[in-house]
Amino acid sequence: MAQKHFKKEKDHWKNILLRIISTVKFLAKHSLAFRGTKERLHENNNRIFLGLIEMLAEFDPFIQEHVRRITNDDIHIHYLSHKIQNELIYLLSSSIRSEIVKKIKQAKYFSVILDCTSDVSHLEQMSMILRYVDLSSSSVTGQGLFDVLLQELKSVDLDVDNVRGQGYDNGSNMKGRHEGVQKKLLNINRRAFYTATRILLFSGPYNFRKMCEKIPKKLFFRTIKLLRKVSEK
């Protein structure tokens, strides 16, 4: 009997901690304030963390029982204090930091950006930004990017056979004539004409418009007409 009661209490606290951690993750992810001027349940201005616990108690049986025990003074250790919140935030941030450092070490090379700004107490706070190549993400080869392109077109229910133009940056994995995305797309759709976009890298919208104005109108419309004929074949 005692063993059964112990297992029931163990499962109860496990479920309570899971819900508290999920609440902390939600607030941290959305940069929301945890606490107000009060730190007790069912009091005005106890802010979002305790407010979410109160809301969960209306639907979730585990939190409902937890709140009942707290309200009736059946327990005094409830894991809702600001110290527990801070500890959970620290543990979550440490886990995220460790995962980022692990990926940086896998990538080997990285760059650093530092920025400082004053907080509300006029104390300088420094932020450090690390940039690196995430090797665990999708392949950045021509084949990998082409597979992603096909997958995205399929996800929005667009037929790749209806593509009539494509344009990419100067990367060889994008514009490569043999292994680039543009070549792989042309292999399955010869009407997906490739246009280099490098001219847009060296000229802003104003300069690009000026350049277009210099093209003879007859030549411009003749080219458009020719492209239309070819695409309809």
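User: Is Phe49 buried or exposed?

Analyst: Phe49 is buried, with a relative accessible area of 1%. Buried means under 20% relative accessible area, exposed means over 50%, and partly exposed lies in between, using a 1.4 Å probe and protein chains only. This is a predicted model, where local features need pLDDT of at least 70 and side-chain atom pairs count only at pLDDT 80 or more, while totals for chains, interfaces and linings use all residues. Residues are numbered from 1 along each chain as its sequence is written, and side-chain values use heavy atoms, with hydrogens and water left out.

User: Which aromatic residue pairs with Phe49?

Analyst: A search of the whole structure finds 2 aromatic pairs, and I will start with the other one. Rings of Phe, Tyr and Trp (its six-membered ring) pair if their centres lie within 6.5 Å, and planes under 30 degrees apart count as stacked, over 60 as edge-to-face and the rest as tilted. The ring centres of Trp13 and Tyr79 are 5.6 Å apart and the planes stand at 75°, so this pair is edge-to-face. Trp13 sits in helix α1 (residues 2-29) and Tyr79 in the loop between α3 (61-71) and α4 (82-107), 66 residues apart, so the pair links distant parts of the chain. Helices (H or I, at least four residues) and strands (E, at least two) are DSSP runs, numbered from the N terminus. Trp13 is partly exposed at 21% relative accessible area, and Tyr79 is partly exposed at 32%. As for Phe49, its partner is Phe34, in a stacked pair with 6.2 Å from centre to centre and 20° between the planes. Phe34 lies in the loop between α1 and α2 (47-56) and Phe49 in helix α2, so the pair ties together parts that are 15 residues apart in sequence.

User: Which residues touch the most others in the largest nonpolar core?

Analyst: A nonpolar core is a set of buried Ala, Val, Leu, Ile, Met, Phe, Trp, Tyr and Cys residues joined through side-chain atoms within 4.5 Å. The largest core has 16 residues, of which Ile20, Leu41, Phe49, Ile53, Ile63, Val67 and Leu80 touch the most other members. Helices α1, α2 and α3 each supply at least two residues of this core, and the largest share, 4 residues, comes from α1.

User: And what is Ile53 in contact with, leaving aside its neighbours within four places in sequence?

Analyst: Ile53 is then in contact (heavy atoms within 4.5 Å) with Thr23, Leu41, Ile63, Val67 and Leu80. There is also a second, separate core of 9 residues, which includes Leu153, Val163, Val181 and Leu185.

User: Switching to helix α5, which of its residues are buried?

Analyst: In α5, Gly142, Gly144, Phe146 and Leu153 are buried, and the buried residues of this helix pack against α6 (172-175) and α7 (181-188). Just after α5, Asp157 takes a positive phi of about 60°.

User: Last topic, where is Asn170?

Analyst: Asn170 is in the loop between β3 (165-166) and α6, and this residue is partly exposed, with a relative accessible area of 36%. The C-alpha atoms of Asn170 and Ala196 are separated by 7.7 Å, although the two residues are 26 residues apart along the chain.
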